[in-house]
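Please look over the model below with these numbered points at hand.

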Amino acid sequence: MSVVILYGSETGTAELVSDAISDVLAQQHDVSMYDMADFAVEDLRADDFVVAVCSTYGEGELPTGAEPFAEGLDDEKPDLSGLRFAVFGLGDSVYDDTFNRGGEIIAEKLTELGASQVGEHGRHDMSSKVAAKVQAKEWAEGLTKVIGA
């Protein structure tokens, strides 16, 4: 199965995390990786498995890199029935109410258009002692069980 990793970042951490996830998933799947700012919504395919990696910016908003993708979903409203996806979010728990909100926003937008979220919604906490790449690799190993062949 083809896996498309889409990352939305403000400072580049989501891209580094996406690389770590790609390393794990590429052992069993054909993986491609794109910045959400450069990925056209019309290129979403139900036969691909999408992994969204998204940071949180400001007061719980999407990072600048994710905005074009989110706006494309809002404007085009594609039928995403049959599309399966997973999300790994990045945030900092010192911001209680908006912790990991960026990933949640992307998940909400995809499900509103008919896509199905599978697996555990990964949530990295920048205040933890665990590096984002380490947690992402562990999360991706668990994800391999739900992606399928």
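1. Lys77 sits in the loop that joins helix 2 to strand 4 (84–91), where helices (H or I, at least four residues) and strands (E, at least two) are DSSP runs numbered from the N terminus. This is a predicted model, in which local features need pLDDT of at least 70, side-chain atom pairs count only at pLDDT 80 or more, and totals for chains, interfaces and linings use all residues. Residues are numbered from 1 along each chain as its sequence is written, and side-chain values use heavy atoms, with hydrogens and water left out.

2. Most residues other than glycine have a negative phi. Lys77 counts as exposed because its relative accessibility is 57%; by relative accessible area, buried means under 20%, exposed over 50%, and partly exposed in between (1.4 Å probe, protein chains only).

3. Is Asn100 buried or exposed? At 0% relative accessibility, Asn100 counts as buried.

4. Helix 2 (residues 67–76) has Phe69, Ala70, Gly72 and Leu73 as its buried residues. Seen down the axis of helix 2, these fall within an arc of 155°, so they line one face of the helix; the arc is that of the directions from the helix axis to the C-beta atoms. Strand 1 (2–8) and helix 3 (101–112) are among what covers these buried residues, contact meaning heavy atoms within 4.5 Å.

5. Helix 1 (residues 13–25) and helix 4 (residues 132–147) pack at an angle of about 40°, with their axes 8 Å apart. That makes helix 1 oblique to helix 4, given that angles under 35 degrees count as roughly parallel, over 145 as roughly antiparallel, 65 to 115 as roughly perpendicular and the rest as oblique. Residues making the contact include Leu16, Val17 and Ile21 of helix 1, and Trp139, Leu143 and Ile147 of helix 4. By class, the contact has 12 nonpolar, 1 polar and 4 charged residues, with Ala, Val, Leu, Ile, Met, Phe, Trp, Tyr, Cys and Pro counted as nonpolar, Asp, Glu, Lys and Arg as charged, and the others, Gly among them, as polar.

6. Gly58 lies in the loop between strand 3 (49–54) and helix 2, and is partly exposed, with a relative accessible area of 47%. The C-alpha atoms of Gly58 and Gln135 are separated by 23 Å, the two residues being 77 residues apart along the chain.

How values were computed: Axes fitted to C-alpha atoms, helices over the stretch in contact; angles between N-to-C directions.
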